[in-house]
Amino acid sequence: MLNEKVVIITGASRGMGAATAKLFAKHGAKVVVNYANNIAAAEDVVKYIHEIGGHSIAVQADVRNKDQMASLVNQTVGHYGKVDILVNNAAINFAMKSFSDMEWDEFKPKIEEEMKAAFISTKAVLPIMKEQKYGKLIYISSALSHDPMPDFIAHGTAKAAINSFVRYLAQELGDYNITANTLAPGMVETDSTKHTPTEEKEKTAMYTPLGRIANPEDIARVALFLASEQSGFMTGSYIPVSGGMEMNS
């Protein structure tokens, strides 16, 4: 499905990023596992991919740093000769507070850093994609960008900005045969939710038509669809992967 395609996945050492890296490799992609700090976890993903006969390297880079992302792309091209797909997945921390309790200096970093990560990562790969007249840009958003929940205002607002950003990219880059799409998970069982109370997970599952919260592989499979030619005529799309939670939003 992704035979010989070269993909960069930001934040790929764990959770949804790691699941996506492994699934893409199973389907023939050459995978660049980007990580920020956890080299051991990134190398575990690379090791898994090598064990199943795939191709992968781990590259450290802060997705908000222009020089580091340029270096990541240069290393990718040095190893594999091109870049076909970018999965913008790296997580950015945020303050969990109500609007009433939050100060601007607590709210601003999430908005700025989320957009900076998407902006710089996209800028880094775009010259190559434009030159080869082909590219797939995939951005991980959140159902919280459409469906507010208490204390998630910084996260939800930042992800809503990503949704708009992607539509503008889709409009501008279509002439280059580059697509840009958004994938929006609901609650996912990852390190990010390991401290979420069980009762809250059970409540979310109860209100989800499919009766459970997502696992990372649920997200990875939709990312695979967006990375493949099966979605070749889709761009500017916002795709909820939330078990039906967003169907009325």
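**A threonine, a methionine and a helix pair**

Modeller: Thr-122 is buried, at a relative accessible area of 2% (buried means under 20%, exposed over 50%, partly exposed in between, with a 1.4 Å probe and protein chains only). This is a predicted model, where local features need pLDDT of at least 70, side-chain atom pairs count only at pLDDT 80 or more, and totals for chains, interfaces and linings use all residues. Residues are numbered from 1 along each chain as its sequence is written, and side-chain values use heavy atoms, leaving out hydrogens and water.

Biologist: Which residues does Thr-122 touch?

Modeller: Leaving aside residues up to four places away in sequence, Thr-122 touches Leu-86, Leu-137, Tyr-139, Phe-165 and Leu-169 (contact means heavy atoms within 4.5 Å).

Biologist: And what does the side chain of Thr-122 reach?

Modeller: The backbone oxygen of Ala-118, at 2.6 Å.

Biologist: Switching topic: is Met-149 buried or partly exposed?

Modeller: Partly exposed, with a relative accessible area of 37%. Met-149 touches Leu-144 and Glu-200, again not counting residues up to four places away in sequence.

Biologist: Last one. Which residues of helix 3 and helix 4 meet?

Modeller: Lys-66, Met-69, Val-73 and Val-77 of helix 3 meet Ile-120, Ser-121, Ala-124, Val-125 and Ile-128 of helix 4 (helices are DSSP runs of H or I, at least four residues, numbered from the N terminus).

Methods. Polar contact = N/O pair within 3.5 Å; in protein donor to acceptor, adjacent residues only side chain to side chain. Helix = DSSP H or I, 4+ residues; strand = E, 2+ residues; numbered from the N terminus.
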